[in-house]
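Please open the structure in your viewer and keep the sequence beside it.

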Amino acid sequence: TEDEGFDEIRYLWQPQEVCKECLKNWQHRHKLMQCVEDIRPGEWFTNGWGEWLQALKSWRRRQDEWIKKRAIEEAKKEIKEAPPKPKATDSE
């Protein structure tokens with residue numbers, strides 16, 4: 001642009017607006033494919049991630065408790081519904 005020290009900018013193939021849009025799309029595509037190797041999560045993400053892990057742990061604990069409670073109830077129900085076993089007699 002002229003702000004960068006160029007005297008004149010000529011748009012030979014397309015109008016200025018189309019060229020700006022084309023450059024914007026090109027930059028966007030390259031930013032998506034750019035590899036950033038030394039990126040580190042910030043404080044906000046780290047705190048949020050810790051809260052998420054705590055919530056997830058709590059949910060899993062509650063689910064496990066519910067599953068155990070459900071299994072105990074099913075076992076009690078099966079015991080109540082089971083037919084009585086015949087008593088062994090001494091004559092056999």
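A disulfide is a pair of cysteine sulfur atoms within 2.5 Å. Please note also that this is a predicted model.

**First stop: the cysteines.** A search of the whole structure finds zero disulfides. Cys 22 counts as partly exposed, because its relative accessibility is 48%. Now select Cys 35: with a relative accessible area of 58%, this residue is exposed.

**Second stop: the segment before the helix α1.** Select Glu 2, Asp 3, Glu 4, Asp 7 and Glu 8, which together form a negative surface patch. Within this selection, centre the view on Asp 7, which lies in the segment preceding α1 (16-33). Is Asp 7 buried or exposed? Its relative accessibility is 76%, so Asp 7 counts as exposed.

Move on to Lys 24, which has its place in helix α1. Lys 24 is exposed, its relative accessible area being 53%.

Select Trp 44, Phe 45, Trp 49, Trp 52, Leu 53 and Trp 59. These residues make a nonpolar surface patch of about 760 Å². One of them, Leu 53, is found in helix α2, which comprises residues 43-81. Leu 53 counts as partly exposed, because its relative accessibility is 39%.

How many salt bridges does a search of the whole structure find? The search finds one. To see it, select Glu 74 and Arg 70, whose closest N and O atoms are 3.9 Å apart; this lies inside the cut-off, because a salt bridge requires a separation within 4 Å. Both residues lie in helix α2, four residues apart, which is about one turn of the helix. Glu 74 counts as partly exposed, at 33% relative accessibility. Arg 70 is likewise partly exposed, at 42%.

How values were computed. Residues numbered from 1 in each chain as written. Predicted model: local features only at pLDDT ≥ 70, side-chain atom pairs only at ≥ 80, totals over all residues. Heavy atoms only, no water. Patch = residues over 30% accessible without salt bridge, like charges linked within 9 Å, V, L, I, M, F, W, Y side chains within 5 Å. Areas by Shrake-Rupley, 256 points an atom, 1.4 Å probe, with all protein chains shown as cover. Salt bridge = Lys/Arg side-chain N within 4 Å of Asp/Glu carboxyl O. Lys, Arg positive; Asp, Glu negative; His and termini not counted. Charge placed at Lys NZ, Arg CZ, Asp CG, Glu CD. Helix = DSSP H or I, 4+ residues; strand = E, 2+ residues; numbered from the N terminus. Buried < 20%, exposed > 50% of the residue type's maximum accessible area, 1.4 Å probe, protein only.
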